Amino acid sequence: MIDKIVLLPDSIANQIAAGEVIQRPASAVKELLENAVDAGATEIQMIVADAGKALLQVIDNGSGMSGTDARMCFERHATSKILSIDDLFHIRTMGFRGEALASIAAVAQVELKTRQPGSATGTYIEVENSVVKKQEPVAAQEGTSIAMKNLFFNVPARRNFLKSNAAEMRHILDEFTRVAMAFPHILFSLTANGQQLMHLEPGSLKQRIVQLLGQNYNAKLVTVKEDTDYMNIYGFVGKPDVAKKTRGDQFFFVNNRFIKNAYLNHAVTQAFQELLPKDSFPMYVLFIDLDPEQVDVNVHPTKQEIKFEDEKIVYAFVQAAVKHALAQFSITPTLDFDLDPGIQGLPSIQQPFTNEKRTAASSSALFKGFTQKHQAHIIEPSSRQELKHWKDFFSPSANVDSRQGVHNKEPELENKPTSKELFSITDLSEAQVFQMHNAYLVLYVPNGLRIINQQYASERVIYNRLQASTIDKPYPVQQSMFPVSIELTPGDAVVLVELLPLLQQMGYLIEPFGKNTFVIQGTPADIVGADDKHILDLVIEQYKHFNADLKLSSREKLLRSLARQQAVKPGVKLVDREIRALLAALFSNAYYNTTPGGLPIYKEISVVELAQFFD
Ligand code: ADP
Ligand code: MG
């Protein structure tokens, strides 16, 4: 008999355990920021170098630690936050496992400096590979500073596994955003490679959302708020016209903890119902507070998944609360309302909030149960003032997929020159062709007729033109006479910087201009978009949408995003000359059957089919 079992040395055991908690620099961001929050800090500063691979430092003005605690905190299962198993069900802090610092210390070099308010000196400790290298008293600010250096210096395999700096930085920004969103009353700042990326003054949740996700949400947030004995919900949903093609701006917090939960996400999406174009995701930032006994946060080491005691109630509650918020906001117009009748006829407006539907929604027992306490379900007849808001609910935005017909409502849109000498006319001049519903082109062909989707057709044409551009032969640029500057969120700025060289090939001259700001110096010569600023936002948005598709190269993703963005949308009236030019360009193309993404561009109905049908 040979005995084979050994106990792993501590250092290896620690490294293995650390693998669950610290996967990448961003995991440490979450843990260190949460510790600062738990310590009651009102100001939290984060410093990053080399996307957190070289340095990640968090400085807070919280409660600090005693000398003994400062040494203890790196031990596995060392926590000040729970004492008994019972406490686990009353957790009000972000941390409780006592694993984060132990894990970080197992896979990086850590320097901790901390001082408790009221004590004369602070403590300095250096830990490497789970071993304390140095401990000495120091003069220190009140609070704690923890620096994590050279992550995975002792685990090369995992260091190699890290992604590019741009990718790791994006993860860092995601985690930073989640924590900063949950605590708007705390000042957060973020500096990366010596450049300050964020400085978030304490304020309301709404202010924090705008600071983090962008100014364009400012007038686009609908308040959600319901209080009951069982649970409270508070936060905002974005109006339908700011819905995006990516899941990006969706935040659920349960007892201030960011969570991912497909089931609750479904509840919100359902509440929007027909208000949203298909394939788009509503924006929301929602906080659910309920008795910690009703949730089990102990399911997942990094705690993004949680279990509710009764998930169905939470689902129904969330859905009802969001519905209620939307209903209060967009009241069915009364007769004296002077909105364009064309708009009122749109299905997206008629359907969700017919009287019956609203009554049904607000009279359900569930809904009453949730809202009766504050009588919030009684929806006052609207004043004209409120109806103004109702109107910007549906304000035009190329962001809203106009397949829903939202664009039709804006009569001035049709009178605007449809711009762009998009396509030069060739020989289709003799063909019989007309536009139908401002969305389809009907063309007689020898054996019948072809019904062409104008958006898809122009998407294909633009794609092929852009595709022909290369480094040697960039797309012709039209220099802007009045260059506009755009400010992006730090996350989007990272994406854009990656794309600048490719964009230039495709006719977009964009220059970085300080922190998160860019100047658009020129745009493709013959493609005139609505508004350059907006176009870029949408392109980044689309790009992120395609980003999930790993098979596509950056160039391909960008080509598709630009083509989709610049394409002539449904609802745009084309004059005869434009129709012919578009079709000429399309059919001179080798791939005129499908869009770059593979959707059919036209349907043909042959005379034979017609004959068979009537036979
Ligand atoms: P947990 O947060 O789950 O308790 P951690 O490993 O993150 O475990 O931290 C261990 C302990 O170290 C905490 O319980 C807390 O007492 C102390 N600690 C960590 N970070 C800070 C900080 N920034 N300020 C004060 N105390 C801290
Ligand atoms: Mg912690």
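## Basis of the description

Helices (H or I, at least four residues) and strands (E, at least two) are DSSP runs, numbered from the N terminus. This is a predicted model, in which local features need pLDDT of at least 70 and side-chain atom pairs count only at pLDDT 80 or more, while totals for chains, interfaces and linings use all residues. Residues are numbered from 1 along each chain as its sequence is written, chains are lettered from A and ligands numbered from 1 in the order in which they are written, and side-chain values use heavy atoms, with hydrogens and water left out.

## A nonpolar surface patch

Leu-8 lies in the segment that precedes α1 (10-21), and together with Ile-12 and Ile-16 this residue forms a nonpolar patch on the surface, with about 270 Å² of accessible area. Such patches are made of residues with over 30% relative accessible area and no salt bridge, nonpolar side chains (Val, Leu, Ile, Met, Phe, Trp, Tyr) being joined within 5 Å and like charges within 9 Å; the areas come from the Shrake-Rupley method with a 1.4 Å probe, and for residues only the protein chains shown count as cover. Leu-8 counts as partly exposed because its relative accessibility is 45%, where buried means under 20%, exposed over 50%, and partly exposed in between (1.4 Å probe, protein chains only).

## Salt bridges

The structure holds 13 salt bridges, each defined as a side-chain nitrogen of Lys or Arg within 4 Å of a carboxyl oxygen of Asp or Glu. In one of them Arg-24 pairs with Glu-168, with 2.9 Å between the closest N and O atoms; this pair links distant parts of the chain, 144 residues apart, since Arg-24 is in the loop between α1 and α2 (25-38) and Glu-168 in helix α6 (residues 165-182). Glu-168, at 0% relative accessibility, counts as buried.

Lys-244, Asp-249 and Glu-541 are linked in a network of salt bridges, within which the closest N and O atoms of Asp-249 and Lys-244 are 3.3 Å apart. Glu-556 forms a salt bridge with Arg-560 at 2.8 Å between the closest N and O atoms, and because these two are four residues apart in helix α19 (residues 554-566), Glu-556 and Arg-560 are separated by about one helical turn.
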